[in-house]
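These are my notebook entries on a single protein chain. I record what I looked up, entry by entry.

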Amino acid sequence: MDGVQAVEGFFDPETQSLIGSKCQGCGTYAFPAKSGLCGNPRCMSDQFDLVPLSRRGTVWSYTSASYQPPPPYVAADPFVPFSIAAVELEAEGLVVLGQVVAGVANADLKVGMEMEVVTDVLYSDDEGNKLVWKFRPVEVAK
Ligand SMILES: [Zn+2]
């Protein structure tokens, strides 16, 4: 997919993986990638590796955005309502918020359903497409 990332550093469009951090001290994952002290209160490490996170996870919660959301969700203009899912990533157990691909409504979502991370267009402007990660139900992809 052609375009540039709407927000740098959160996502790798080549591998369609979210980029998180893994603490070198205790192995705790974080998304967005952490800097400063580890989020684990028993760990004093401030050294993190940037790692690609699981491309699959399950829906933990979801809602619809019927209002203009805050950055990095720069929405289309005019604003088109869409669904947002909180997806718990398979391997890391992290809950990540993301927009759900167009054509999937809240009625199509349910807690526990399997989702995958895909690259999609967040919005387009004079310079071209701005890309972001979105979640797509795995069964829709088949
Ligand atoms: Zn740590």
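What percentage of the 142 residues in the chain is buried? I found that buried residues make up 24% of them. A residue is buried if 20 or more other C-beta atoms lie within 10 Å of its own, exposed if 12 or fewer, and partly exposed in between, with C-beta atoms placed from the backbone.

I noted that this is a predicted model, in which local features need pLDDT of at least 70 and side-chain atom pairs count only at pLDDT 80 or more, while totals for chains, interfaces and linings use all residues. Residues are numbered from 1 along each chain as its sequence is written.

**Entry: secondary structure.** Helices (H or I, at least four residues) and strands (E, at least two) are DSSP runs, numbered from the N terminus. The order from the N terminus is β-β-β-β-β-β-β-β-β-β-α.

**Entry: contacts.** Two residues are in contact if their C-beta atoms, placed from the backbone, lie within 7 Å. Of the contacts with a separation of 6 or more, I read that 55% are between residues 24 or more positions apart.

**Entry: strand E3.** I looked up the partners of E3; two strands pair if DSSP finds at least two bridges between them. E3 is antiparallel to E2, with two bridges, and Asp-12 stands opposite Ser-17 in E3. E3 and E5 also run antiparallel, joined by five bridges, and Lys-22 stands opposite Asp-49 in E5. E4 is joined to E3 by two bridges, again antiparallel, and there Tyr-29 is the bridge partner of Lys-22. Five residues lie between E3 and E4 in their hairpin, where Gly-27 has a positive phi of about 85°.

**Entry: two backbone details.** Most residues other than glycine have a negative phi, and most peptide bonds are trans. Gln-16, however, has a positive phi near 55° and sits in the hairpin of E2 and E3, with four residues between the strands. Gln-16 counts as partly exposed because it has 17 C-beta neighbours inside 10 Å. I also found a cis peptide bond between Phe-31 and Pro-32, with omega about -5°. Pro-32 lies in the loop between strand E4 (29-30) and strand E5 (48-52).

**Entry: the core.** A nonpolar core is a set of buried Ala, Val, Leu, Ile, Met, Phe, Trp, Tyr and Cys residues joined through C-beta atoms within 7 Å. The largest one has 19 residues, and Leu-18, Ala-85, Val-87, Val-100 and Phe-135 touch the most other members. Strands E7 (82-89), E8 (95-100), E9 (114-125) and E10 (128-137) each give two or more residues to this core. Not counting residues up to four places away in sequence, Leu-18 touches several residues, among them Phe-31, Val-117 and Trp-133.
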